[in-house]
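Have a look at the structure first, then read on.

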Amino acid sequence: MLTDFLTADHRVCDGLFAKAENAANDGDRDAARAAYAEFEAAMAQHLSIEESVLFPEFEARSGMAGGPTAVMRMEHEQIRAMMAQMRQALESGELDDFLGFGETLNILIQQHNMKEEQMLYPMCDRALADRAEALLERMQAH
Amino acid sequence: MNAGLSLEQAPPLSVPLRFFLSAPLFGLAAAGLLLWLGPDVLASRWSVGALALSHLLVLGVLAMVMCGALLQMLPVLAGVRVTRPRLVGGLCHGLLVLGTLSLAAGFLGVGQDGFRVAVVLLGLGLGGFLAVMGFGLARAPHLQDSVRGMRWALLGLALTVGLGLSLGLGHSGLGLPLLRWPLTDLHLAWGLLGWIATLVAVVAWQLVPMFQMTPPYPPRLRRWLAAGMFALLGWHSLAVLRGWPLAQLPALLLAAALAIFALITLRLLAQRRRKVGDTSLYFWRLGMAGLLLAAAIGAASRLAPPAVAASLALAATLLFLLGFALSVVNGMLYKIVPFLVWLHLQQRLATRIEVRHRIVLPNMKSILPEPRSRQQFYLHLAALAVLLAAVLLPALLRPAAVMWLADFALLGLNLLSATRRYGTECRRIDHFP
């Protein structure tokens with residue numbers, strides 16, 4: 001249940017990323033800027049849902065504060081840093097750099113998503129099965 | 001559930017990199033051998049030159065990259081834990097390098113001693129690799145399609161190695177019979193289809209949708225392709241061993257299964273949401289076109305009159321190994337190597353807390369510039385075309401060999417320049433004021 005909701009959110013972010021990247025590839029700066037802002041907002045929202053709703057619940061229930069969620073938080077920081085570099089490249093009009101950082105970010109995000117979708121989310125679904133509905137509501141309202 | 005599951009289990013950079021950097025060297029050795037031996041080498045698949053060449057290519061290049069990539073990827077892909085990765089990777093690599101060289105030397109005239117050494121080294125290296133991976137996969141915390149598929153691929157490798165070792169023992173002069181027929185046929189079928197094609201399919205349905213943002217592969221294909229191929233390979237093996245009627249049928253069905261996989265992959269790649277093309281994508285498309293052609297020509301060779309069947313079978317094998325498997329391996333290397341360099345630089349930077357916000361790391365496209373990999377892609381394509389032409393016009397074989405030398409040299413230089421960039425960036429991080 002949590003897996004389905006958060007996995008679908010990953011695909012939404014993927015779509016926005018592709019839109020920004022395609023615009024930059026076409027050399028359309030304005031469209032790239034608009035699409036990238038959308039992507040940034042969706043990613044910030046997704047990362048924040050995990051860090052302030054899902055992870056604390058999982059850590060409390062499983063007693064693993066230093067386990068998988070710590071690695072996921074660290075990767076979130078890498079993702080944020082790479083996104084900031086993409087924004088900087090976009091603002092200074094360096095579309096080639098934007099695309100180069102974008103390729104790196106995509107692999108970073110995809111391998112991160114894979115770990116979440118195939119390992120962490122199913123672990124959360126099992127550990128938090130009794131309160132999945134309440135959690136889902138909190139995530140949607142976040 | 002493994003409660004202690006850590007999601008960060010990637011091994012040190014040197015573990016996969018030693019495999020990746022060795023592969024082009026074996027490619028150079030294979031191409032050099034082709035140049036030296038000339039047109040005779042393709043006259044018969046039994047010629048010692050053809051056997052040495054094919055093992056340099058399959059063990060030294062393809063298995064080399066695949067083992068390195070699996071040691072890197074299985075921890076991330078399937079939560080497989082590899083303990084002591086440096087030791088396991090180092091031993092496995094060393095044994096594979098020396099074992100492959102001994103085997104080639106055995107074929108080229110060193111004789112029984114070469115085979116004896118090769119059987120021991122390859123048995124230990126590949127057997128050890130299989131044991132580590134098989135043990136890890138058996139305990140993998142989650143049973144997704146990719147884990148199931150990977151188990152089939154490793155089983156395919158195990159059977160191939162087992163058959164290869166028994167052939168090697170036959171060559172060793174220890175009094176064991178050399179059952180050239182039927183074991184060579186089975187060794188070849190399980191190696192090409194049960195191991196290489198199965199592994200590529202499993203990796204493709206995991207990575208192609210992720211990196212290219214395509215729709216997912218059809219669930220039924222993911223569920224049944226590997227198991228179905230194994231059933232067909234089993235049928236084929238029994239048909240060969242027992243002389244069953246309709247012996248061609250499983251082979252034709254295997255070709256159809258691979259053609260369907262190639263067509264689905266090409267269609268998914270046409271539907272991808274990212275529009276930015278890169279060299280890796282070119283290699284994947286070429287690889288799938290190569291597989292499709294190999295399947296069609298391989299099927300035709302089964303039905304053709306004996307006079308042309310041999311040439312068709314040779315063309316299908318070349319297309320499978322160089323057009324399909326080597327192209328996909330190339331495409332993977334151009335994604336995985338620059339990403340790993342970046343990832344390990346990132347981890348090194350994270351340890352220098354006081355300066356980490358002032359250093360901007362190079363991105364993947366500046367670690368391995370697109371124009372350089374693109375150049376190698378075109379060279380690869382040309383080398384493939386000339387080699388296929390040489391099946392009909394043997395005079396083209398030596399020019400083809402020269403082109404393959406250049407192809408592997410350029411691949412090696414590209415990977416080497418990414419590795420050197422890692423070194424210079426590490427020094428920059430360590431000495432940043």
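Which element gives the largest share of the lining of the second largest pocket? That's α4(A), with 5 residues. Keep in mind as you go that this is a predicted model.

## The second largest pocket

There's about 630 Å³ of space in this pocket. Its lining runs to 24 residues, and the ones nearest the centre are R11(A), E117(A), Q118(A), P216(B) and R222(B).

Sorted by class, the lining comes out as 9 nonpolar, 9 polar and 6 charged residues.

## Helix α1 of chain A

After the helix comes G27(A), with a positive phi near 75°.

## Nonpolar cores

The largest nonpolar core holds 180 residues. Which of them touch the most other members? The list is F39(A), F20(B), I196(B), F320(B) and F324(B).

Take F39(A) from that list: leaving out residues up to four places away in sequence, F39(A) touches C13(A), L16(A), F17(A), M83(A), L105(A) and I109(A).

Most residues other than glycine have a negative phi, and most peptide bonds are trans. Chain B has a few spots worth checking against that. The peptide bond from W181(B) to P182(B) is cis, with omega near 5°, and P182(B) sits in helix α6 of chain B.

Then there are two non-glycine residues with positive phi. R84(B) has a phi of about 50° and lies in the loop between α2 (48-78) and α3 (85-110) of chain B. M213(B) has a phi of about 55°, and its place is the loop between α6 and α7 of chain B.

Are these two residues buried or exposed? R84(B) has a relative accessible area of 59%, so it counts as exposed, the cut-off for that being over 50%. M213(B) is at 4% relative accessibility and therefore counts as buried, where the limit is under 20%.

Terms used: Residues numbered from 1 in each chain as written. Chains lettered and ligands numbered in written order. Predicted model: local features only at pLDDT ≥ 70, side-chain atom pairs only at ≥ 80, totals over all residues. Heavy atoms only, no water. Core = buried A, V, L, I, M, F, W, Y, C linked by side-chain atoms within 4.5 Å. Buried < 20%, exposed > 50% of the residue type's maximum accessible area, 1.4 Å probe, protein only. Contact = heavy atoms within 4.5 Å. Helix = DSSP H or I, 4+ residues; strand = E, 2+ residues; numbered from the N terminus. 1 Å grid on protein atoms, 1.4 Å probe; cavity = no way out; pocket = protein on both sides within 12 Å on 5 of 7 lines; lining within 4 Å. Points joined across faces, edges and corners; volume = space filled by probe spheres on them. Nonpolar A, V, L, I, M, F, W, Y, C, P; charged D, E, K, R; others polar.
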